[in-house]
Amino acid sequence: MIANVSIKEFIQPFERRLAILELEALSNARALAVGDDPRTASVFSVSGEFDPHELSQTLSYWREVKADDATLTEQIRAEATSIVAANGLDLEAVRERTAELVPKRLPNRRCLRYASHGLHEYRGKFFPQLVRALANIGNVPDEGLICDPMCGSGTTIVEAKSFGRRAIGFDMNPLSVFVSDVKCRALELDPDELIETYSGITNILAVSNRETSDSCWHARYSTKDRYYLESWFAPKCLEDLGTVLSTLDNLQNADIRDFFRVCLSNVLRPVSFQKESDLRVRKEVREYSAGELQERFLKFSHRSVKLLVAYLSEISADRAKSQHTVVAGDAREFAAIRPELKGSVDAIITSPPYATALPYLDTDRLSLIVLGLLPRSDHRARDLEMIGNREVTERIRRAYWDEFEIRRSDLPENTCNLIDRIQELNSTSEVGFRRRNLASLLSKYFLDMRSVLAQSLGALKPGAPMFLVVGNNRTTAGGEEIQIETAKHLAEIGKRIGFEHIESIDMEMLASRDIFRANAMPSEQIVWLRRPQ
(Lines give C-alpha, C1' and ligand atoms only; values in the text may rest on other atoms or scores of the structure.)
Protein backbone atom coordinates (compact mmCIF):
# COMPACT_ATOMS: atom_id res chain seq x y z
CA MET A 1 0.00 0.00 0.00
CA ILE A 2 1.22 3.48 -0.91
CA ALA A 3 -0.31 6.61 0.55
CA ASN A 4 0.42 10.32 0.20
CA VAL A 5 -0.34 12.16 3.41
CA SER A 6 -0.79 15.96 3.59
CA ILE A 7 0.60 17.62 6.68
CA LYS A 8 -1.14 20.55 8.41
CA GLU A 9 0.29 23.77 7.06
CA PHE A 10 0.19 25.73 10.32
CA ILE A 11 2.07 23.47 12.73
CA GLN A 12 5.30 24.50 14.41
CA PRO A 13 8.71 22.90 13.73
CA PHE A 14 8.65 20.58 16.75
CA GLU A 15 5.13 19.47 15.79
CA ARG A 16 6.35 18.70 12.26
CA ARG A 17 8.95 16.42 13.78
CA LEU A 18 6.31 14.69 15.89
CA ALA A 19 4.08 14.43 12.83
CA ILE A 20 6.71 12.49 10.91
CA LEU A 21 7.42 10.28 13.92
CA GLU A 22 3.73 9.41 14.35
CA LEU A 23 3.25 8.73 10.63
CA GLU A 24 6.24 6.40 10.56
CA ALA A 25 5.13 4.62 13.75
CA LEU A 26 1.60 3.99 12.43
CA SER A 27 2.60 3.01 8.89
CA ASN A 28 5.72 1.12 9.96
CA ALA A 29 7.45 2.77 7.02
CA ARG A 30 9.77 5.67 6.35
CA ALA A 31 8.01 8.94 5.49
CA LEU A 32 9.51 10.48 2.34
CA ALA A 33 8.95 14.10 1.36
CA VAL A 34 7.22 14.42 -2.01
CA GLY A 35 9.16 16.80 -4.25
CA ASP A 36 10.35 19.13 -1.52
CA ASP A 37 12.63 19.64 1.45
CA PRO A 38 11.40 17.52 4.42
CA ARG A 39 11.54 20.66 6.56
CA THR A 40 8.98 22.41 4.36
CA ALA A 41 7.24 19.65 2.40
CA SER A 42 3.44 19.63 2.50
CA VAL A 43 3.06 15.99 1.38
CA PHE A 44 4.85 12.82 2.53
CA SER A 45 4.66 9.36 1.02
CA VAL A 46 4.65 6.07 2.94
CA SER A 47 4.72 2.57 1.49
CA GLY A 48 4.05 -0.61 3.43
CA GLU A 49 1.47 -2.88 5.05
CA PHE A 50 -1.00 -0.50 6.68
CA ASP A 51 -4.65 0.50 6.49
CA PRO A 52 -5.09 4.02 5.02
CA HIS A 53 -8.44 4.33 6.76
CA GLU A 54 -6.82 3.61 10.11
CA LEU A 55 -4.22 6.28 9.36
CA SER A 56 -6.96 8.81 8.68
CA GLN A 57 -8.73 7.84 11.91
CA THR A 58 -5.67 8.14 14.10
CA LEU A 59 -3.12 10.70 12.85
CA SER A 60 -2.89 13.98 14.75
CA TYR A 61 -0.83 16.51 12.79
CA TRP A 62 -2.07 15.58 9.32
CA ARG A 63 -4.81 16.89 7.08
CA GLU A 64 -5.56 14.22 4.51
CA VAL A 65 -4.64 10.65 3.53
CA LYS A 66 -4.65 9.78 -0.19
CA ALA A 67 -4.50 6.15 -1.22
CA ASP A 68 -7.30 4.71 -3.38
CA ASP A 69 -9.22 7.86 -2.52
CA ALA A 70 -8.69 11.00 -0.46
CA THR A 71 -9.86 11.03 3.15
CA LEU A 72 -9.72 13.89 5.62
CA THR A 73 -8.22 12.84 8.94
CA GLU A 74 -10.57 12.51 11.88
CA GLN A 75 -8.41 15.04 13.72
CA ILE A 76 -8.80 17.80 11.14
CA ARG A 77 -12.54 17.13 11.03
CA ALA A 78 -12.73 17.34 14.82
CA GLU A 79 -10.92 20.67 14.77
CA ALA A 80 -13.19 21.94 11.99
CA THR A 81 -16.23 21.36 14.20
CA SER A 82 -14.99 24.16 16.45
CA ILE A 83 -15.06 26.53 13.45
CA VAL A 84 -18.58 25.43 12.54
CA ALA A 85 -19.64 26.04 16.15
CA ALA A 86 -18.09 29.51 16.14
CA ASN A 87 -20.26 30.62 13.23
CA GLY A 88 -23.58 32.33 13.90
CA LEU A 89 -25.71 29.20 13.58
CA ASP A 90 -28.26 28.32 16.22
CA LEU A 91 -27.96 25.02 18.06
CA GLU A 92 -30.40 23.14 15.84
CA ALA A 93 -28.61 24.33 12.71
CA VAL A 94 -25.27 23.22 14.14
CA ARG A 95 -26.78 19.80 14.79
CA GLU A 96 -28.15 19.52 11.28
CA ARG A 97 -25.43 21.17 9.18
CA THR A 98 -22.09 20.23 10.76
CA ALA A 99 -21.45 17.29 8.41
CA GLU A 100 -22.14 19.52 5.42
CA LEU A 101 -20.00 22.41 6.66
CA VAL A 102 -16.93 20.61 8.03
CA PRO A 103 -15.19 20.11 4.64
CA LYS A 104 -15.72 23.82 3.94
CA ARG A 105 -14.42 24.99 7.33
CA LEU A 106 -11.07 23.26 7.64
CA PRO A 107 -8.81 25.17 10.04
CA ASN A 108 -5.84 27.25 8.94
CA ARG A 109 -4.55 27.75 12.48
CA ARG A 110 -4.31 25.77 15.71
CA CYS A 111 -7.67 24.73 17.21
CA LEU A 112 -7.51 23.57 20.82
CA ARG A 113 -11.07 23.83 22.10
CA TYR A 114 -13.04 21.32 20.07
CA ALA A 115 -15.29 18.68 21.67
CA SER A 116 -15.14 19.03 25.47
CA HIS A 117 -11.54 20.26 25.63
CA GLY A 118 -12.60 23.88 26.11
CA LEU A 119 -15.17 23.16 28.82
CA HIS A 120 -13.14 24.66 31.66
CA GLU A 121 -10.15 26.99 31.74
CA TYR A 122 -7.20 25.46 33.54
CA ARG A 123 -3.80 26.99 34.09
CA GLY A 124 -0.96 25.01 32.62
CA LYS A 125 -3.00 22.58 30.53
CA PHE A 126 -1.41 21.28 27.35
CA PHE A 127 -3.00 20.78 23.97
CA PRO A 128 -4.88 17.68 22.82
CA GLN A 129 -3.13 17.13 19.47
CA LEU A 130 0.10 16.51 21.35
CA VAL A 131 -1.52 13.73 23.37
CA ARG A 132 -2.74 11.91 20.28
CA ALA A 133 0.60 12.29 18.50
CA LEU A 134 2.55 10.94 21.48
CA ALA A 135 0.16 8.01 21.82
CA ASN A 136 0.75 7.25 18.14
CA ILE A 137 4.51 7.53 18.53
CA GLY A 138 4.27 5.20 21.50
CA ASN A 139 2.32 2.65 19.40
CA VAL A 140 -0.56 2.44 21.86
CA PRO A 141 -2.79 -0.31 20.44
CA ASP A 142 -6.56 -0.21 19.93
CA GLU A 143 -8.19 -0.40 23.36
CA GLY A 144 -4.74 0.14 24.87
CA LEU A 145 -4.50 1.81 28.28
CA ILE A 146 -3.17 5.38 28.59
CA CYS A 147 -2.50 6.77 32.06
CA ASP A 148 -2.01 10.30 33.37
CA PRO A 149 -1.02 10.25 37.07
CA MET A 150 -1.33 14.07 37.29
CA CYS A 151 -4.30 14.61 35.01
CA GLY A 152 -5.18 18.25 35.73
CA SER A 153 -8.17 19.19 33.58
CA GLY A 154 -8.09 15.83 31.79
CA THR A 155 -6.57 16.63 28.40
CA THR A 156 -4.80 13.27 28.20
CA ILE A 157 -7.70 11.09 29.25
CA VAL A 158 -10.28 13.01 27.19
CA GLU A 159 -8.15 12.74 24.07
CA ALA A 160 -7.32 9.08 24.72
CA LYS A 161 -11.00 8.27 25.09
CA SER A 162 -11.87 10.26 21.97
CA PHE A 163 -9.87 7.89 19.77
CA GLY A 164 -10.90 4.64 21.39
CA ARG A 165 -8.19 4.04 23.99
CA ARG A 166 -8.90 3.21 27.60
CA ALA A 167 -7.82 5.93 29.98
CA ILE A 168 -7.15 6.40 33.67
CA GLY A 169 -6.22 9.63 35.41
CA PHE A 170 -5.29 10.62 38.95
CA ASP A 171 -5.24 13.96 40.72
CA MET A 172 -5.33 15.33 44.27
CA ASN A 173 -7.32 18.41 43.32
CA PRO A 174 -11.05 17.52 43.60
CA LEU A 175 -11.93 20.07 40.91
CA SER A 176 -9.47 18.42 38.51
CA VAL A 177 -11.04 15.03 39.17
CA PHE A 178 -14.55 16.39 38.65
CA VAL A 179 -13.78 18.38 35.50
CA SER A 180 -11.76 15.56 33.93
CA ASP A 181 -14.51 13.01 34.53
CA VAL A 182 -17.24 15.32 33.24
CA LYS A 183 -15.28 16.14 30.09
CA CYS A 184 -14.90 12.43 29.39
CA ARG A 185 -18.57 11.66 30.06
CA ALA A 186 -19.56 14.56 27.81
CA LEU A 187 -18.19 12.67 24.79
CA GLU A 188 -21.07 10.20 25.12
CA LEU A 189 -23.92 12.67 25.62
CA ASP A 190 -26.96 12.76 23.34
CA PRO A 191 -26.76 16.04 21.36
CA ASP A 192 -30.54 16.41 21.15
CA GLU A 193 -31.00 15.97 24.90
CA LEU A 194 -28.18 18.44 25.54
CA ILE A 195 -29.80 21.07 23.30
CA GLU A 196 -33.20 20.49 24.89
CA THR A 197 -31.78 20.80 28.40
CA TYR A 198 -29.93 24.02 27.59
CA SER A 199 -33.14 25.49 26.18
CA GLY A 200 -35.01 24.53 29.34
CA ILE A 201 -32.35 26.08 31.60
CA THR A 202 -32.49 29.29 29.57
CA ASN A 203 -36.26 29.53 29.96
CA ILE A 204 -36.16 28.87 33.70
CA LEU A 205 -33.45 31.43 34.37
CA ALA A 206 -35.25 34.02 32.22
CA VAL A 207 -38.32 33.67 34.44
CA SER A 208 -36.26 33.72 37.66
CA ASN A 209 -34.59 36.97 36.58
CA ARG A 210 -38.00 38.64 36.33
CA GLU A 211 -39.11 37.43 39.75
CA THR A 212 -37.84 38.29 43.20
CA SER A 213 -37.26 35.20 45.30
CA ASP A 214 -34.97 33.96 48.01
CA SER A 215 -32.58 31.44 46.43
CA CYS A 216 -31.52 30.15 49.89
CA TRP A 217 -27.97 29.79 48.65
CA HIS A 218 -26.63 29.89 52.21
CA ALA A 219 -28.41 26.67 53.19
CA ARG A 220 -25.98 24.72 51.00
CA TYR A 221 -22.85 25.57 52.95
CA SER A 222 -21.32 25.34 56.38
CA THR A 223 -21.00 28.52 58.44
CA LYS A 224 -17.29 28.85 57.60
CA ASP A 225 -17.81 28.34 53.87
CA ARG A 226 -20.76 30.74 53.88
CA TYR A 227 -18.69 33.48 55.50
CA TYR A 228 -15.87 32.86 53.03
CA LEU A 229 -18.17 33.13 50.02
CA GLU A 230 -19.69 36.32 51.43
CA SER A 231 -16.23 37.86 51.48
CA TRP A 232 -15.56 37.02 47.83
CA PHE A 233 -18.91 37.60 46.12
CA ALA A 234 -21.43 40.44 46.16
CA PRO A 235 -24.68 39.60 48.00
CA LYS A 236 -26.75 39.72 44.81
CA CYS A 237 -24.24 37.48 43.04
CA LEU A 238 -24.69 34.85 45.75
CA GLU A 239 -28.46 35.04 45.33
CA ASP A 240 -28.02 34.54 41.59
CA LEU A 241 -25.65 31.68 42.28
CA GLY A 242 -28.27 29.95 44.41
CA THR A 243 -30.81 30.34 41.60
CA VAL A 244 -28.52 28.71 39.05
CA LEU A 245 -27.53 25.88 41.40
CA SER A 246 -31.18 25.18 42.24
CA THR A 247 -32.03 25.06 38.55
CA LEU A 248 -29.26 22.55 37.88
CA ASP A 249 -30.28 20.45 40.89
CA ASN A 250 -33.57 19.69 39.15
CA LEU A 251 -31.96 18.18 36.04
CA GLN A 252 -32.60 14.44 35.89
CA ASN A 253 -29.65 13.39 33.73
CA ALA A 254 -26.60 13.40 36.04
CA ASP A 255 -24.11 13.61 33.17
CA ILE A 256 -25.81 16.67 31.71
CA ARG A 257 -26.29 18.20 35.15
CA ASP A 258 -22.56 17.91 35.82
CA PHE A 259 -21.76 19.32 32.38
CA PHE A 260 -23.57 22.52 33.29
CA ARG A 261 -22.08 22.59 36.79
CA VAL A 262 -18.65 22.67 35.13
CA CYS A 263 -19.85 25.53 32.92
CA LEU A 264 -20.91 27.36 36.07
CA SER A 265 -17.54 26.76 37.71
CA ASN A 266 -15.80 28.32 34.73
CA VAL A 267 -17.54 31.70 35.18
CA LEU A 268 -17.10 32.07 38.95
CA ARG A 269 -13.79 33.94 38.94
CA PRO A 270 -14.99 36.77 36.64
CA VAL A 271 -18.00 37.54 38.86
CA SER A 272 -16.09 37.31 42.14
CA PHE A 273 -13.82 39.79 43.91
CA GLN A 274 -10.77 37.72 42.95
CA LYS A 275 -8.37 39.73 40.81
CA GLU A 276 -8.80 37.73 37.63
CA SER A 277 -5.31 38.21 36.18
CA ASP A 278 -3.58 37.09 39.39
CA LEU A 279 -3.10 33.46 40.36
CA ARG A 280 -2.56 34.41 43.99
CA VAL A 281 -5.37 35.19 46.43
CA ARG A 282 -5.85 38.87 45.62
CA LYS A 283 -9.09 40.76 46.26
CA GLU A 284 -10.36 43.48 43.95
CA VAL A 285 -13.88 44.56 44.90
CA ARG A 286 -15.98 45.30 41.84
CA GLU A 287 -19.55 46.26 41.04
CA TYR A 288 -21.90 43.38 40.35
CA SER A 289 -25.00 43.82 38.20
CA ALA A 290 -28.03 41.70 39.05
CA GLY A 291 -28.30 38.77 36.64
CA GLU A 292 -24.66 39.01 35.50
CA LEU A 293 -23.88 35.50 36.70
CA GLN A 294 -26.81 34.02 34.78
CA GLU A 295 -25.80 35.97 31.69
CA ARG A 296 -22.20 34.75 31.82
CA PHE A 297 -23.28 31.21 32.65
CA LEU A 298 -25.73 31.00 29.76
CA LYS A 299 -23.29 32.56 27.31
CA PHE A 300 -20.49 30.14 28.21
CA SER A 301 -22.91 27.18 28.34
CA HIS A 302 -24.22 28.07 24.88
CA ARG A 303 -20.68 28.14 23.51
CA SER A 304 -19.82 24.84 25.21
CA VAL A 305 -22.98 23.12 24.02
CA LYS A 306 -22.37 24.28 20.44
CA LEU A 307 -18.80 22.97 20.50
CA LEU A 308 -19.88 19.60 21.83
CA VAL A 309 -22.93 19.25 19.59
CA ALA A 310 -20.86 20.08 16.50
CA TYR A 311 -18.25 17.51 17.49
CA LEU A 312 -20.77 14.77 18.31
CA SER A 313 -22.59 15.45 15.05
CA GLU A 314 -19.41 14.82 13.07
CA ILE A 315 -17.50 12.20 15.08
CA SER A 316 -19.28 9.01 16.05
CA ALA A 317 -19.85 8.71 19.80
CA ASP A 318 -18.94 5.02 19.44
CA ARG A 319 -15.32 6.16 19.17
CA ALA A 320 -15.49 7.44 22.74
CA LYS A 321 -17.16 4.47 24.42
CA SER A 322 -13.94 2.99 25.71
CA GLN A 323 -13.61 2.89 29.48
CA HIS A 324 -12.28 5.86 31.40
CA THR A 325 -11.59 6.25 35.11
CA VAL A 326 -10.63 9.33 37.10
CA VAL A 327 -9.31 8.67 40.60
CA ALA A 328 -8.90 11.12 43.47
CA GLY A 329 -5.41 10.00 44.35
CA ASP A 330 -1.77 10.88 44.83
CA ALA A 331 0.52 10.52 41.81
CA ARG A 332 3.30 9.42 44.16
CA GLU A 333 1.25 6.33 45.02
CA PHE A 334 -1.00 5.83 42.00
CA ALA A 335 0.18 2.33 41.11
CA ALA A 336 -0.15 1.29 44.74
CA ILE A 337 -3.68 2.74 44.88
CA ARG A 338 -4.63 0.69 41.81
CA PRO A 339 -2.39 -2.40 41.97
CA GLU A 340 -4.06 -3.86 38.88
CA LEU A 341 -2.10 -1.28 36.88
CA LYS A 342 1.20 -3.02 37.56
CA GLY A 343 2.80 -3.83 34.21
CA SER A 344 -0.45 -3.12 32.31
CA VAL A 345 -0.18 0.49 31.07
CA ASP A 346 0.62 1.02 27.37
CA ALA A 347 1.71 4.66 27.75
CA ILE A 348 1.90 7.42 30.33
CA ILE A 349 1.39 10.94 29.01
CA THR A 350 1.42 13.69 31.59
CA SER A 351 2.26 17.32 32.23
CA PRO A 352 3.63 17.48 35.79
CA PRO A 353 3.08 20.49 38.03
CA TYR A 354 5.76 23.12 37.69
CA ALA A 355 8.18 23.33 40.60
CA THR A 356 6.90 26.00 43.04
CA ALA A 357 5.37 27.95 40.15
CA LEU A 358 1.59 27.86 40.59
CA PRO A 359 -0.74 27.93 43.62
CA TYR A 360 -2.96 25.26 42.10
CA LEU A 361 -5.54 24.89 44.86
CA ASP A 362 -5.78 28.63 45.57
CA THR A 363 -6.65 29.23 41.93
CA ASP A 364 -9.59 26.82 42.19
CA ARG A 365 -10.70 27.60 45.74
CA LEU A 366 -13.98 29.34 44.80
CA SER A 367 -15.12 26.49 42.56
CA LEU A 368 -14.15 23.92 45.18
CA ILE A 369 -16.41 25.59 47.74
CA VAL A 370 -19.30 26.52 45.45
CA LEU A 371 -19.55 23.01 43.98
CA GLY A 372 -19.18 21.39 47.40
CA LEU A 373 -16.02 19.53 46.40
CA LEU A 374 -13.75 20.61 49.28
CA PRO A 375 -14.60 22.86 52.23
CA ARG A 376 -12.36 25.86 52.77
CA SER A 377 -11.18 24.46 56.10
CA ASP A 378 -9.51 21.55 54.26
CA HIS A 379 -7.73 23.59 51.59
CA ARG A 380 -4.53 24.29 53.51
CA ALA A 381 -3.92 20.66 54.44
CA ARG A 382 -4.64 19.46 50.89
CA ASP A 383 -2.40 22.12 49.38
CA LEU A 384 0.53 21.00 51.55
CA GLU A 385 0.12 17.47 50.19
CA MET A 386 0.27 18.49 46.54
CA ILE A 387 3.36 18.22 44.35
CA GLY A 388 4.82 21.62 43.53
CA ASN A 389 3.30 23.33 46.55
CA ARG A 390 5.03 26.61 47.36
CA GLU A 391 3.33 27.82 50.56
CA VAL A 392 5.05 26.31 53.62
CA THR A 393 5.85 27.28 57.18
CA GLU A 394 9.34 27.60 58.61
CA ARG A 395 8.90 24.28 60.41
CA ILE A 396 7.88 22.49 57.21
CA ARG A 397 10.73 24.12 55.30
CA ARG A 398 13.24 22.70 57.79
CA ALA A 399 11.58 19.27 57.65
CA TYR A 400 11.87 19.24 53.84
CA TRP A 401 15.54 20.17 54.08
CA ASP A 402 16.22 17.48 56.68
CA GLU A 403 14.60 14.90 54.40
CA PHE A 404 16.73 16.09 51.49
CA GLU A 405 19.91 15.73 53.57
CA ILE A 406 18.95 12.14 54.39
CA ARG A 407 17.92 11.23 50.84
CA ARG A 408 20.56 13.00 48.77
CA SER A 409 21.63 9.73 47.22
CA ASP A 410 18.14 9.32 45.72
CA LEU A 411 18.75 12.30 43.42
CA PRO A 412 21.37 12.83 40.69
CA GLU A 413 24.44 14.86 41.59
CA ASN A 414 23.46 17.69 39.23
CA THR A 415 20.08 18.04 40.94
CA CYS A 416 21.67 18.14 44.38
CA ASN A 417 24.18 20.72 43.20
CA LEU A 418 21.37 22.96 41.92
CA ILE A 419 19.52 22.77 45.23
CA ASP A 420 22.71 23.39 47.23
CA ARG A 421 23.63 26.38 45.07
CA ILE A 422 20.26 28.04 45.59
CA GLN A 423 20.41 27.33 49.33
CA GLU A 424 23.89 28.81 49.58
CA LEU A 425 23.03 31.98 47.64
CA ASN A 426 19.81 32.64 49.50
CA SER A 427 21.28 31.96 52.94
CA THR A 428 24.06 34.52 52.46
CA SER A 429 21.81 37.44 51.46
CA GLU A 430 18.67 39.18 52.65
CA VAL A 431 15.72 37.50 50.91
CA GLY A 432 11.99 37.16 51.50
CA PHE A 433 10.40 34.04 52.93
CA ARG A 434 9.49 32.64 49.50
CA ARG A 435 13.06 32.75 48.22
CA ARG A 436 14.33 31.43 51.53
CA ASN A 437 12.04 28.43 51.09
CA LEU A 438 12.98 27.73 47.47
CA ALA A 439 15.83 25.24 47.97
CA SER A 440 13.76 23.12 50.36
CA LEU A 441 10.74 23.27 48.06
CA LEU A 442 12.83 22.22 45.06
CA SER A 443 14.28 19.29 46.98
CA LYS A 444 10.75 18.20 47.91
CA TYR A 445 9.57 18.61 44.32
CA PHE A 446 12.32 16.45 42.82
CA LEU A 447 11.96 13.78 45.52
CA ASP A 448 8.20 13.75 44.88
CA MET A 449 8.74 13.44 41.14
CA ARG A 450 11.15 10.58 41.77
CA SER A 451 8.27 8.78 43.50
CA VAL A 452 5.98 9.48 40.54
CA LEU A 453 8.57 8.14 38.11
CA ALA A 454 9.13 5.03 40.22
CA GLN A 455 5.37 4.34 40.30
CA SER A 456 5.22 4.90 36.54
CA LEU A 457 8.05 2.48 35.86
CA GLY A 458 6.18 -0.25 37.71
CA ALA A 459 2.86 0.48 35.99
CA LEU A 460 4.15 0.44 32.40
CA LYS A 461 4.40 -2.65 30.26
CA PRO A 462 7.96 -3.61 29.28
CA GLY A 463 9.00 -1.37 26.38
CA ALA A 464 6.16 1.11 26.95
CA PRO A 465 6.84 4.87 26.89
CA MET A 466 6.35 7.69 29.35
CA PHE A 467 6.11 11.23 28.02
CA LEU A 468 6.45 14.19 30.37
CA VAL A 469 5.55 17.62 29.01
CA VAL A 470 7.36 19.85 31.46
CA GLY A 471 8.32 23.49 31.78
CA ASN A 472 11.76 24.76 32.70
CA ASN A 473 11.98 27.70 35.06
CA ARG A 474 14.37 30.26 36.43
CA THR A 475 14.84 32.09 39.70
CA THR A 476 17.06 34.73 41.27
CA ALA A 477 19.12 33.64 44.28
CA GLY A 478 21.47 36.05 46.01
CA GLY A 479 21.17 38.40 43.06
CA GLU A 480 22.21 35.68 40.60
CA GLU A 481 19.86 34.26 37.96
CA ILE A 482 19.64 30.48 38.20
CA GLN A 483 18.17 28.29 35.46
CA ILE A 484 16.03 25.43 36.75
CA GLU A 485 16.20 22.91 33.92
CA THR A 486 13.37 20.76 35.23
CA ALA A 487 13.17 18.57 32.13
CA LYS A 488 16.86 17.72 32.29
CA HIS A 489 16.66 16.86 35.99
CA LEU A 490 13.58 14.66 35.53
CA ALA A 491 15.27 12.82 32.67
CA GLU A 492 18.31 12.14 34.88
CA ILE A 493 16.10 10.98 37.75
CA GLY A 494 14.25 8.70 35.36
CA LYS A 495 17.48 7.11 34.16
CA ARG A 496 18.66 6.72 37.73
CA ILE A 497 15.64 4.60 38.70
CA GLY A 498 15.71 2.40 35.59
CA PHE A 499 14.10 4.21 32.65
CA GLU A 500 15.73 4.52 29.27
CA HIS A 501 15.88 8.16 28.17
CA ILE A 502 15.05 8.21 24.48
CA GLU A 503 15.36 11.98 24.03
CA SER A 504 14.03 15.36 25.12
CA ILE A 505 12.26 17.41 22.48
CA ASP A 506 12.21 21.21 22.71
CA MET A 507 8.82 22.89 22.37
CA GLU A 508 7.99 26.48 21.56
CA MET A 509 5.89 28.08 24.25
CA LEU A 510 2.36 28.65 23.03
CA ALA A 511 0.60 31.71 24.41
CA SER A 512 -2.75 30.03 23.77
CA ARG A 513 -1.95 27.25 26.22
CA ASP A 514 -2.78 29.33 29.23
CA ILE A 515 -5.10 32.22 30.05
CA PHE A 516 -2.58 33.34 32.67
CA ARG A 517 0.13 34.34 30.20
CA ALA A 518 2.09 36.42 32.70
CA ASN A 519 2.80 33.19 34.59
CA ALA A 520 3.99 31.24 31.54
CA MET A 521 7.19 29.19 31.76
CA PRO A 522 10.23 30.32 29.73
CA SER A 523 10.49 27.01 27.85
CA GLU A 524 9.04 23.53 27.66
CA GLN A 525 10.27 20.11 26.65
CA ILE A 526 8.87 16.66 26.04
CA VAL A 527 10.90 14.17 28.06
CA TRP A 528 10.58 10.79 26.35
CA LEU A 529 11.35 7.85 28.63
CA ARG A 530 10.81 4.12 28.13
CA ARG A 531 10.62 1.15 30.42
CA PRO A 532 13.25 -1.36 29.25
CA GLN A 533 12.06 -4.58 27.65
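In which loop is Asn-139 found? Asn-139 sits in the loop between helix 5 (128–137) and strand 6 (145–148). The legends below cover this loop and several other views. This is a predicted model: local features need pLDDT of at least 70, side-chain atom pairs count only at pLDDT 80 or more, and totals for chains, interfaces and linings use all residues. Residues are numbered from 1 along each chain as its sequence is written, and side-chain values use heavy atoms, with hydrogens and water left out.

**Figure 1. The whole chain.**
The chain holds 21 helices and 13 strands. Helices (H or I, at least four residues) and strands (E, at least two) are DSSP runs, numbered from the N terminus. The radius of gyration of the chain is 24 Å, close to the 24 Å that the globule rule gives for 533 residues, so the chain is as compact as a globular protein of that length. That radius is taken over C-alpha atoms; the rule is 2.2 Å times the number of residues to the power 0.38. Along the principal axes, the C-alpha atoms fill a box of roughly 70 × 65 × 40 Å.

Of the 533 residues in the chain, 60% are buried. Buried means under 20% relative accessible area, exposed over 50%, and partly exposed in between (1.4 Å probe, protein chains only). The accessible surface of the chain comes to about 21,500 Å². Carbon and sulfur atoms own 46% of that surface. Areas come from the Shrake-Rupley method with a 1.4 Å probe; for residues, only the protein chains shown count as cover. Among contacts in the chain with a separation of 6 or more, 75% link residues 24 or more positions apart. Contact means heavy atoms within 4.5 Å. The chain carries 70 positive and 77 negative side chains. The centres of the two sets lie 3 Å apart. Lys and Arg count as positive and Asp and Glu as negative; His and the chain ends are not counted. Each charge is placed at NZ of Lys, CZ of Arg, CG of Asp or CD of Glu.

5 strands form an open sheet in the order 2-3-1-4-5, with antiparallel pairing. Strand 2 (32–33) and strand 5 stand at the edges, each with a single partner strand, so one side of each is left without a neighbour in the sheet. Two strands pair if DSSP finds at least two bridges between them. Strand 1 and strand 3 (residues 43–47) pair over 5 bridges. Strand 1 (residues 2–7) is joined to strand 4 (residues 62–66) by 4 bridges. Strands of a sheet pair through backbone hydrogen bonds, either parallel or antiparallel.

Val-5 faces Phe-44 in strand 3 and Val-65 in strand 4. Asn-4 stands opposite Lys-66 in strand 4. Ser-6 stands opposite Glu-64 in strand 4. Glu-64 also has Leu-72 as its bridge partner in strand 5. Strand 4 and strand 5 (residues 70–72) run antiparallel over 3 bridges. A hairpin of 3 residues joins strand 4 to strand 5.

**Figure 2. Two asparagines with positive phi.**
Asn-28 lies in the loop between helix 1 (13–27) and strand 2. Its phi is near 55 degrees, a positive value in a residue other than glycine. Asn-28 is exposed, at 71% relative accessibility. Phi of Asn-139 is also near 55 degrees. Asn-139 is partly exposed, with a relative accessible area of 49%. Most residues other than glycine have a negative phi.

**Figure 3. Strand 9 and its parallel partners.**
Ala-347 and Ile-349 point one way from strand 9 (residues 347–350). Ile-348 and Thr-350 point the other way, and all are buried. Strand 6 and strand 9 pair in the parallel sense over 2 bridges. Cys-147 stands opposite Ile-348 in strand 9. Strand 9 also runs parallel to strand 10 (residues 465–477), joined by 3 bridges. Here Thr-350 has Leu-468 as its bridge partner in strand 10.

**Figure 4. The surroundings of Leu-361.**
Leu-361 is found in helix 15 (residues 360–363). Leu-361 is buried, with a relative accessible area of 1%. Leaving aside neighbours within four places in sequence, Leu-361 is in contact with residues including Asn-173, Leu-368, His-379 and Met-386. Leu-361 and Met-172 are 189 residues apart in sequence. Their C-alpha atoms are 9.6 Å apart in space.
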